[in-house]
Amino acid sequence: MTGAAPLISLKGVTKRFGSLTVLHDIDIEIEAGSVVVLIGPSGSGKSTLIRCINGLVRPDEGALTVAGRAVDIHDEGAWQRLRTEIGMVFQDYALFPHLSVLRNMTLAPQRRRKLSRTEAEHEARKLLARVGLAHKAEDYPSALSGGQQQRIAIVRALAMAPMAILFDEPTSALDPETISGVLDVMRDLAREGTTMIVVTHEMGFAREVADRVVFMAEGRIVEQGPPGEFFANPRQERTRAFLANIRSFGEPAHA
Ligand SMILES: Nc1ncnc2c1ncn2[C@@H]1O[C@H](COP(=O)(O)OP(=O)(O)OP(=O)(O)O)[C@@H](O)[C@H]1O
Ligand SMILES: [Mg+2]
């Protein structure tokens with residue numbers, strides 16, 4: 001992939017909330033088909049950073065390029081387009097509670113991708129089957145377990161045929177037994193070449209699936225590298241302190 005233009009590129013991205021600067025001049029590039037895992041302490045800006053990639057948060061300064069197209073950060077239309085092109089999976093699933101699983105999955109594809117209802121339902125049922133949930137199509141989210149809801153949230157994102165998917169702590173709200181089912185789905189996506197940016201505390205997943213681990217602290221990227229190197233030889237003291245801390249809390253670091 002050397003020499004290829006990155007799929008997503010952020011340059012000099014700064015975000016302030018009032019007088020608080022939460023992202024300082026962030027530069028990051030995401031290659032097509034790569035999996036980038038973003039880690040860092042609470043409040044370091046991980047959610048804010050990934051939200052800047054699909055316009056849920058608007059940066060104050062900086063440049064964003066997606067698939068070779070410069071996104072004008074002051075143009076509402078550009079952000080709207082980006083929202084349909086880049087999927088997002090949240091910690092709390094964010095399914096529409098008043099809509100069936102099938103409707104959750106067909107709504108945006110019909111409205112945004114202009115698929116017919118029949119096409120959208122056909123695709124949705126295929127995606128549900130893929131995550132073992134075809135039999136839940138007519139159910140409402142409240143009738144499903146957290147792990148099932150999260151798998152549906154993932155295929156709902158996929159139903160938009162996104163160019164990349166952002167995950168914000170997708171397994172943090174789940175019972176330990178249901179985490180692996182969700183990670184399996186994510187691992188499959190990675191294997192198929194889906195471009196993914198994943199905020200997670202699952203260090204086992206990071207080790208196994210990530211092409212690159214990015215460590216943030218206080219709104220800055222402190223260090224990044226391939227997982228083997230990153231976990232074995234963190235160069236920065238701040239990174240070492242963070243890794244030591246999560247290991248001592250029993251995270252599955254598989255060191
Ligand atoms: N909408 C907002 N208004 C004001 N401050 C905000 C807003 N969103 C985030 N912040 C602040 O920005 C900083 C970074 O928050 P962010 O949610 O990006 O951190 P995070 O790394 O995702 O943390 P966590 O691991 O707890 O999810 C924090 O200080 C937070 O309080
Ligand atoms: Mg967060």
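This report describes a ligand site and a pair of helices in a predicted model.

## Basis of the description

Residues are numbered from 1 along each chain as its sequence is written, and chains are lettered from A and ligands numbered from 1 in the order in which they are written. In this predicted model, local features need pLDDT of at least 70 and side-chain atom pairs count only at pLDDT 80 or more, while totals for chains, interfaces and linings use all residues.

## Surroundings of ligand 1

Phe17, Val22, Gly40, Ser42, Gly43, Ser44, Gly45, Lys46, Ser47 and Thr48 surround ligand 1 (C-beta atom, placed from the backbone, within 6 Å). Helix α1 (residues 46–54) supplies the largest share of this shell, three residues; helices are DSSP runs of H or I with at least four residues, numbered from the N terminus.

## Helices α3 and α4

The axes of α3 (residues 101–112) and α4 (residues 117–130) come within 9 Å and cross at roughly 130 degrees; axes are lines fitted to C-alpha atoms over the stretch in contact, with angles from 0 to 180 degrees between N-to-C directions.

Leu102, Met105, Thr106, Pro109 and Gln110 of α3 meet Arg117, Ala120, Glu121, Glu123, Ala124 and Leu127 of α4 (C-beta atoms, placed from the backbone, within 7 Å).

## Burial in α3

Val101, Asn104, Met105, Thr106 and Pro109 are the buried residues of α3 (20 or more other C-beta atoms within 10 Å of the residue's own, all placed from the backbone). These buried residues pack against α4 and α5 (146–158). Just after α3, lysine 114 takes a positive phi of about 60 degrees.

Methods. Helix = DSSP H or I, 4+ residues; strand = E, 2+ residues; numbered from the N terminus. Contact = placed C-beta atoms within 7 Å. Buried ≥ 20, exposed ≤ 12 C-beta atoms within 10 Å, placed from the backbone.
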